[in-house]
Each structure stands twice: as structure tokens, then as C-alpha cells.
Amino acid sequence: MDWVVVVTVALLVAFVVRGFVLAHFVVDGQSMATTLDTGDRVFVNKLSYRLHDPNRGDVVVLHQMTNTTERDLIKRVVALPGETIEMTGCVVRITQANVATSQVLDEPYLNERDRIPGQCGADIPSQVVPDNSVFVLGDNRGGSQDSRNLGAINEDDLVGRAFVVFWPRSDWQWL
């Protein structure tokens with residue numbers, strides 16, 4: 001009887017943790033290269049955005065719905081609710097709410113080729129990020145389906161914040 005109780009409690013804890021606290025995600029595609037590569041496995045904190053709002057620079061897993069299919073994507077948050085974002089010639093500018101001047105977004109995680117005009121994908125016309133939404137971009141700007149195509153992402157569609165690459169061991173890193 002003791003073993004039944006132990007196994008039942010262990011399974012219950014595992015289901016609760018997997019369902020509400022922690023998940024893993026397998027990267028598929030090159031939209032976050034060179035930060036993440038196909039086959040990298042990351043842990044995702046699913047509780048994070050129930051406790052606080054997303055932050056600029058967070059690497060997030062999000063749900064994408066298209067007609068009858070659903071899949072998860074991994075991207076980086078670059079603009080927050082109420083901010084104005086624009087990108088011209090691979091330079092992202094953010095204007096915070098109630099501030100008159102824009103600032104160039106510092107992006108040390110980008111590869112040098114993603115800073116070369118013509119290699120970073122489409123420009124972003126000036127637009128305000130709606131309330132309860134974030135604007136996300138892939139680190140591989142020229143090869144990413146992100147908010148330039150999908151629009152701002154509702155915070156309810158965020159699965160959670162990816163915080164560590166745990167496999168393969170050679171790619172281990174905090175995000």
C-alpha cells in the first residue's frame with residue numbers, strides 16, 4: 001500500500017509541474033539562430049507570466065493558430081504593450097508610452113549578418129503594440145516568421161518564458 005501512495009503522489013506532482021509550472025520545448029527551425037538551433041531542447045517556465053508581465057528580451061514560447069492547425073513557436077520579445085516599434089534598415093527603434101523620443105534597441109544577441117540592410121527581412125512600419133500584447137521577432141531576422149507576419153501576440157498566447165537550453169549538453173546556456 002505504501003508503494004501505491006508513493007507512486008500516486010509522484011505521478012500527481014509530475015502532472016501538476018508539467019501542466020502548470022515547467023515544460024520542455026524542442027526548437028524546430030532556424031528563426032532563432034544563432035541563439036538556438038534546430039534540435040535544441042529548452043525548459044519553459046509556464047508560471048512566469050501568471051506572476052509578472054513579459055519583459056523585453058525574454059525568449060518566449062507562444063501558440064500560433066492558423067485555420068485548423070496549431071503549433072508552438074519560439075521568439076524574442078522586443079516591444080511591450082503601449083510602446084511604438086519600427087524597424088528601418090535592420091535598426092529597431094522603440095518609443096515608450098508617454099515618451100517623445102525613440103531609442104535604438106540594443107540587441108547583442110544578433111548575428112552581424114542580421115544587422116546588414118537587406119539581410120534582416122522586412123522593415124516594420126511604425127506601430128503601437130496593443131494592450132495585453134507583445135511584439136516578437138526571431139533572432140535570425142531574415143528567416144523568421146514573427147510579429148511582422150503574425151502581428152502583435154496576445155499575452156494569453158504565451159506558453160511561458162524559455163530560460164535554459166538543456167540539450168544537447170554542448171549547447172547548454174541560460175537564455
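**From the cysteines outward**

Modeller: Cys-90 is buried, with a relative accessible area of 7%; here buried means under 20% relative accessible area, exposed means over 50%, and partly exposed lies in between (1.4 Å probe, protein chains only). This is a predicted model, in which local features need pLDDT of at least 70, side-chain atom pairs count only at pLDDT 80 or more, and totals for chains, interfaces and linings use all residues. Residues are numbered from 1 along each chain as its sequence is written, and side-chain values use heavy atoms, with hydrogens and water left out.

Cys-120 is also buried, at 1% relative accessible area. A disulfide (a pair of cysteine sulfur atoms within 2.5 Å) joins Cys-90 to Cys-120, with an S to S distance of 1.9 Å. The structure holds one such link. The angle about its S-S bond is -90 degrees, and the link of Cys-90 and Cys-120 is left-handed. Cys-90 sits in the loop between β5 (84-88) and β6 (91-95), while Cys-120 sits in the loop between β7 (103-104) and β8 (124-128), so the bond ties together parts that are 30 residues apart in sequence. Helices (H or I, at least four residues) and strands (E, at least two) are DSSP runs, numbered from the N terminus.

Four strands form an open sheet in the order β7-β6-β5-β8, with antiparallel pairing; two strands pair if DSSP finds at least two bridges between them. Strands β7 and β8 stand at the edges with a single partner strand each, so one side of each has no neighbour in the sheet. Within the sheet, β5 and β6 run antiparallel and are joined by five bridges, and Met-87 has Val-92 in β6 as its bridge partner. In general, strands of a sheet pair through backbone hydrogen bonds, either parallel or antiparallel.

Together with Ile-85 and Phe-135, Val-92 has the most contacts inside the largest nonpolar core, which has 13 residues. Such a core is a set of buried Ala, Val, Leu, Ile, Met, Phe, Trp, Tyr and Cys residues joined through side-chain atoms within 4.5 Å. Strands β4 (69-79), β5, β6 and β9 each supply at least two residues of this core. Contact means heavy atoms within 4.5 Å, and, leaving aside neighbours within four places in sequence, Phe-135 is in contact with residues including Arg-76, Ile-85, Ile-124 and Arg-148. Apart from this core lies another, of twelve residues, among them Met-32, Val-44, Ile-74 and Val-159. In soluble globular proteins, nonpolar side chains tend to be buried together.

Asp-139, in the loop between β9 (133-137) and α3 (147-150), is buried, with a relative accessible area of 0%. A polar contact is a pair of N or O atoms within 3.5 Å; within protein, one must be able to donate a hydrogen and the other to accept it, and residues adjacent in sequence count only if both atoms are side-chain atoms. The side chain of Asp-139 makes such contacts with those of Thr-35, at 2.5 Å, and Arg-76, at 2.8 Å. Not counting residues up to four places away in sequence, Asp-139 also touches Met-32, Tyr-109 and Asp-114, among others.

Val-42 and Val-44 form its covered face, and Arg-41, Phe-43 and Asn-45 its uncovered one. Strand β1 (residues 22-26) runs antiparallel to β2 and is joined to it by five bridges, with His-24 opposite Phe-43. Strand β11 (residues 158-167) also pairs with β2 in the antiparallel sense, over five bridges, and Val-44 has Ala-162 as its bridge partner there.

Phe-43 is partly exposed, at 29% relative accessible area, and Phe-166 is likewise partly exposed, at 25%. Rings of Phe, Tyr and Trp (its six-membered ring) pair if their centres lie within 6.5 Å; planes under 30 degrees apart count as stacked, over 60 as edge-to-face and the rest as tilted. The count by this rule is four aromatic pairs. The ring centres of Phe-43 and Phe-166 are 4.1 Å apart and their planes at 15 degrees, so this pair is stacked. It links strand β2 with strand β11, across 123 residues. Ring pairs link Phe-43, Phe-163, Phe-166, Trp-172 and Trp-174 into a cluster.
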